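Please brief me on the fold, the cores, the cavity and the local backbone of this protein. Keep it short and grouped by topic.

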Amino acid sequence: MDEEIKKEIPLKDQILDFSQGTLEYMKLFIEDVTNWELPVDFELKFDWKVTSYKFPEKLLFLEPVSLLCNQVKFRCRLTPVTGDHDLFEQLALLRGYNKPGFKKMLLVEAFPVHYHYWFKHLKELSPAVRAFPYQSFLKGWPYYFALVMVKSGYGGYDPKIKFVLLKKIAQIYFYAYTEIEYYANRLERSQLTKMFTDNPLFPKSIMKHIDYKLSCFPTQDLIVYWGIKNFQQLEKEYQQKKGTSFAFRDFLRLILKLGPVPFDIIHAYMKSRLPIS
């Protein structure tokens, strides 16, 4: 354990510097490597605060952002590992702070390029979209965009970053599947427990978090899953429409320009209003 900490786990006094450095690297990657022409001139304030009562499975998350505000402040909470967790939970959470995992968390949880784009174009968003943004868009975009970043070479094609990101998405898909089984097919508690404890993606103590998620945040993983799948499908539709003139930067800007609207509207726009090249 000591060797693992020294090699991969940043210490408490290093985490904020590591976060800021990783954030600046992600900004440079978008501007200089991919040249997607997305705005990254935002500032993210990092705070160290116990947030485990809100999201026990997350070590890091972005504070909720409202599109009804005329000015946005991005604040990222870093959650310390405390003695409230038992020994095995502490070990699992500490391993979540390994450098590839932490880079993945920053990219998914605290890289608000979509919010920043919208705040630069608030006048283009309808009042309804600002007041009632489509949740699958908001929650699915960070994971979809993280996959796009890694696929494009973020992290220098580090297989560890790709692995931890794919593992997280696999967990989300499994969560979504079990939620359907639990609510729609009335899965028994013992059956649910066996599904998770038999799955190597999760630690044996995961059921504490599952109970919390099911009672306090039901369907959240279904919402994320639906968002990821729709963005992937929209990318295919856009590429088919554009053919050889397909440019990924144009697709990203189109999706963000339309704003966090239901996917049915975006699919309809693709079919009826997007010119064929």
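The briefing below runs from the overall picture to single residues.

This is a predicted model, in which local features need pLDDT of at least 70, side-chain atom pairs count only at pLDDT 80 or more, and totals for chains, interfaces and linings use all residues. Residues are numbered from 1 along each chain as its sequence is written, and side-chain values use heavy atoms, with hydrogens and water left out. The protein has 13 helices and three strands. Helices (H or I, at least four residues) and strands (E, at least two) are DSSP runs, numbered from the N terminus.

**Overall picture**

- Of the 277 residues in the protein, 47% are buried. Buried means under 20% relative accessible area, exposed means over 50%, and partly exposed lies in between (1.4 Å probe, protein chains only).
- The protein exposes about 14,700 Å², and carbon and sulfur atoms supply 55% of that area. Areas come from the Shrake-Rupley method with a 1.4 Å probe; for residues, only the protein chains shown count as cover.
- Among contacts with a separation of 6 or more, 75% join residues 24 or more positions apart. Contact means heavy atoms within 4.5 Å.

**Nonpolar cores**

- The largest nonpolar core has 67 residues, and Trp141 and Phe145 touch the most other members. Helix α7 (residues 135-151) gives this core its largest share, 10 residues.
- Another core, of 10 residues, lies apart from it; Leu192, Phe202, Ile206 and Ile210 are among its members.
- A nonpolar core is a set of buried Ala, Val, Leu, Ile, Met, Phe, Trp, Tyr and Cys residues joined through side-chain atoms within 4.5 Å.
- Not counting residues up to four places away in sequence, Trp141 touches Val113, His114, Ser136, Phe231, Leu252, Ile255 and Leu256.

**Helix α12**

- In α12 (residues 248-258), the buried residues include Phe248, Phe251, Leu252, Leu254, Ile255 and Leu256.
- The buried residues of α12 pack against α5 (113-120), α7, α11 and α13 (263-272).
- Gly259 follows α12 and has a positive phi, near 85°.

**Cavity**

- How many cavities of 30 Å³ or more does a search of the whole structure find? It finds one.
- The largest cavity holds about 70 Å³ of space.
- On a 1 Å grid over the protein atoms alone, a cavity is a set of points where a 1.4 Å probe fits but cannot get out; lining residues have an atom within 4 Å of a point. Grid points are joined across faces, edges and corners, and a volume is the space filled by probe spheres set on the points.
- The lining of the largest cavity consists of Tyr175, Thr178, Glu179, Tyr182, Leu192, Phe196, Ile210, Lys213 and Leu214. The elements that give two or more residues to this lining are α8, α9 (189-197) and α10.
- The largest share of the lining, four residues, comes from α8.

- Thr178 is found in helix α8 (residues 159-184). Thr178 counts as buried because its relative accessibility is 4%.
- Leaving aside neighbours within four places in sequence, Thr178 is in contact with Leu192, Met195 and Phe196.
- Glu181 also has its place in helix α8. With a relative accessible area of 19%, Glu181 is buried.
- With neighbours within four places in sequence left aside, Glu181 is in contact with Arg186 and Leu187.
- Glu181 and Leu192 are 11 residues apart in sequence and 8.7 Å apart in space, C-alpha to C-alpha.

**Positive phi in loops**

- Glu37 is not a glycine, yet its phi is positive, near 60°. Glu37 sits in the loop between α2 (12-34) and β1 (44-48). Its relative accessible area is 45%, so Glu37 is partly exposed.
- Thr219, also not a glycine, has a positive phi of about 70°. Thr219 is in the loop between α10 (207-216) and α11 (220-242). Thr219 counts as partly exposed because its relative accessibility is 34%.

**Cysteines**

- The count of disulfides comes to zero. A disulfide is a pair of cysteine sulfur atoms within 2.5 Å.
- Cys69 is partly exposed, with a relative accessible area of 34%. Cys76 is buried, with a relative accessible area of 0%.

How values were computed. On a 1 Å grid over the protein atoms alone, a cavity is a set of points where a 1.4 Å probe fits but cannot get out, and a pocket is an open set with protein on both sides within 12 Å along at least five of seven lines; lining residues have an atom within 4 Å of a point.
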